[in-house]
Amino acid sequence: MSNDFWQDKSVLITGGTGSLGQALASKLLTYPTKKVIVYSRGELRQFEMRQKFNDSRLRYFIGDVRDKNRLTLAFGEVDAVIHTAALKRVEVGEYNPAEVLKTNVIGSQNVIEAAIGACVPAVIGISSDKAVAPLNLYGMSKGFLEKLFTGSSVYSSRTKFACVRYGNVIGS
């Protein structure tokens, strides 16, 4: 998507207080976006982000991708969603598989359903290089995200889905 794509758009970032979410928010604020909504469950991380960024276009929304009703509220009047929310620590996922399933797979499906319900035009799912021939639950869950996103475009002609694989960069 070109820089022009983001002009006058309201963009919601799930997991917006994470390292990638913050980097994306920072980048989006260099474009003439109308609004960047940071959706995350971390109250402290949102507070810290408010201190770090001083831009009236940033909005903060407490919520968890596991909660489809809350997601639906956040998706009102949104032009694009970047879905970065995930449990990413491989070792944590191996000991907490049900939590990885709830966040990375069911949470991704909730994002899809909320986006279709709100007729969001563009939704980008952030995957991982670990989805290629996965050796752990995290990689498998990101493979599920890719399949869910690429298969979801058939459910709505108004909402387009895409995935991007993101490599492990600087401790993310």
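Three aromatic pairs turn up here: the count is 3, taking rings of Phe, Tyr and Trp (its six-membered ring) as paired if their centres lie within 6.5 Å, with planes under 30 degrees apart called stacked, over 60 edge-to-face and the rest tilted. This is a predicted model, where local features need pLDDT of at least 70, side-chain atom pairs count only at pLDDT 80 or more, and totals for chains, interfaces and linings use all residues. Residues are numbered from 1 along each chain as its sequence is written, and side-chain values use heavy atoms, leaving out hydrogens and water.

- Phe-5 and Trp-6 make an edge-to-face pair, because their ring centres are 4.8 Å apart and their planes meet at 90°.
- Trp-6 is buried at 8% relative accessible area, while Phe-5 is partly exposed at 24% (buried is under 20%, exposed over 50%, partly exposed in between, using a 1.4 Å probe and protein chains only).
- Lys-9 puts its charged end over the ring of Phe-5, 5.0 Å from the centre (NZ of Lys or CZ of Arg within 6 Å of the ring centre and within 35 degrees of the ring normal).

**Phe-149 with Phe-161**
- These two are also edge-to-face, with 5.6 Å between centres and 90° between planes.
- Phe-149 sits in helix 6 (residues 137-152) and Phe-161 in strand 6 (residues 160-166); helices (H or I, at least four residues) and strands (E, at least two) are DSSP runs numbered from the N terminus.
- Phe-149 is buried at 0%, and Phe-161 is buried at 10%.

**Ser-141**
- Ser-141 lies in helix 6 and is buried, at 3%.
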